Amino acid sequence: MVFLRKYLESCGCEPELIALIRLVSRQMGAIRKAFLENQMYENTLNASGELQAQMDTWADNHLIRVVGESGLVRELASEEQEEIIRFENSRCEYAMVMDPLDGSSLISTNLAVGTIVGIFEKGSVLQPGSKLRAAFYTIFGPLTVLVVSVGKGVQSFAWDPETEHYLLLRDRFCVPEGSQYGTGGVRKDWLPAHLKVLEYFDQNGFKIRYSGSFVADCHQLLVYGGIYTYPGSMKKPEGKLRLLFEANPLGFIITQAGGRITDGKQNILDIMPEKPHQKTPIYIGSKGIIDTIEKIYSTT
Ligand code: AFP
């Protein structure tokens with residue numbers, strides 16, 4: 001039986017990084033419990049102008065408190081917070097980005113949602129995704145599953161509530177090519193290049209799968225291949241998903257599993273962020289399909 005801590009040690013991770021990954025991932029028991037009493041929406045908007053679910057704010061407050069008290073993180077940016085938070089008393093220099101509860105519009109439908117985290121070794125949270133030291137997400141499905149990369153491939157672990165340990169579920173993911181896709185947005189607003197991409201999918205017999213939870217859709221493509229996209233549109237050329245909190249951590253993980261992430265023209269992991277809530281059009285998934293999408297973009 002392989003435990004999370006043993007796996008991270010075998011990758012040569014420093015004790016503080018192991019402590020941080022374990023600390024945050026161990027909060028999933030508390031977050032999972034909180035769903036029962038937090039099914040509604042708040043009357044508040046997040047920094048992107050979206051209505052916050054009770055679980056968004058519950059998970060956000062909980063993780064900010066736990067991470068702040070740990071003394072492991074110097075700087076923290078959350079999708080639910082307008083400003084970057086600095087912990088002056090921290091004994092470590094890690095900078096952490098998080099989406100405390102991704103896919104929160106699905107809470108009332110009981111479909112899979114999750115938490116996304118990216119960790120930089122030091123410096124600001126405003127760094128390209130390629131500089132991440134580690135990234136992970138958890139997904140609340142029938143099991144609570146943790147998918148993690150410390151730059152040495154991608155593994156998944158399942159939370160055992162009885163022993164309170166994460167146990168290795170799958171060793172080394174490798175994104176298969178696959179032939180399924182999910183696209184966000186509204187057809188009448190899509191740009192010509194995106195319409196051509198969809199035409200390519202139709203002509204090549206791709207199947208549609210889209211849940212409305214980025215973390216769940218990415219987990220699916222990690223297993224089955226294919227792609228997830230939330231493109232730029234005529235109304236919102238910058239797309240909907242956040243570079244820091246969603247695109248970069250998942251892009252890091254999928255790239256570590258042999259896949260790719262692009263905005264259609266460039267590798268998203270190379271983008272230098274200018275502000276915490278910056279958005280980006282996104283195509284993430286199998287390498288061959290992303291290569292094809294970039295070709296379509298370059299000729300449209
Ligand atoms: P949040 O729940 O963190 O706001 O994320 C939702 C999300 O960014 C992503 O998880 C989904 O894939 C996407 O939005 C769904 O958007 P639509 O409701 O427009 O399809």
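Does Arg260 count as buried or exposed, and at what relative accessibility? At 17% relative accessibility, Arg260 counts as buried, where buried means under 20% relative accessible area, exposed over 50%, and partly exposed in between (1.4 Å probe, protein chains only). The model is predicted, so to read it: local features need pLDDT of at least 70, side-chain atom pairs count only at pLDDT 80 or more, and totals for chains, interfaces and linings use all residues. Residues are numbered from 1 along each chain as its sequence is written, and side-chain values use heavy atoms, with hydrogens and water left out.Arg260 forms a salt bridge with Asp291, with 2.7 Å between the closest N and O atoms; a salt bridge here is a side-chain nitrogen of Lys or Arg within 4 Å of a carboxyl oxygen of Asp or Glu. This pair links distant parts of the chain, 31 residues apart, with Arg260 in strand E14 (residues 260-262) and Asp291 in helix H8 (residues 287-298). Helices (H or I, at least four residues) and strands (E, at least two) are DSSP runs, numbered from the N terminus. Asp291 is partly exposed, at 24% relative accessibility.

Searching the whole structure turns up 14 salt bridges. One of them joins the side chains of Glu50 and Arg242 (3.1 Å, N to O). Glu50 sits in the loop between E1 and strand E2 (51-53), and Arg242 in the loop between strand E13 (227-230) and helix H7 (243-256), so the pair ties together parts that are 192 residues apart in sequence. Arg242 is buried, at 3% relative accessible area, while Glu50 is partly exposed at 22%. Both belong to a salt-bridge network that also takes in Glu79 and Glu246. Elsewhere, Glu88 and Arg86 form a salt bridge, the closest N and O atoms being 3.2 Å apart; Glu88 is exposed at 55% and Arg86 partly exposed at 44%.

As for the sheet, 8 strands line up in the order E4-E3-E5-E6-E7-E8-E9-E10, making an open sheet with mixed pairing. Its edge strands, E4 (85-86) and E10 (165-170), each pair on one side only. Asp102 has Gly114 in E6 as its bridge partner.

On the surface, Tyr41, Leu45 and Leu51 form a nonpolar patch with about 310 Å² of accessible area together. Tyr41, in strand E1 (residues 41-45), is partly exposed at 39%.

Conventions. Patch = residues over 30% accessible without salt bridge, like charges linked within 9 Å, V, L, I, M, F, W, Y side chains within 5 Å. Areas by Shrake-Rupley, 256 points an atom, 1.4 Å probe, with all protein chains shown as cover. Pairing = 2+ DSSP bridges.
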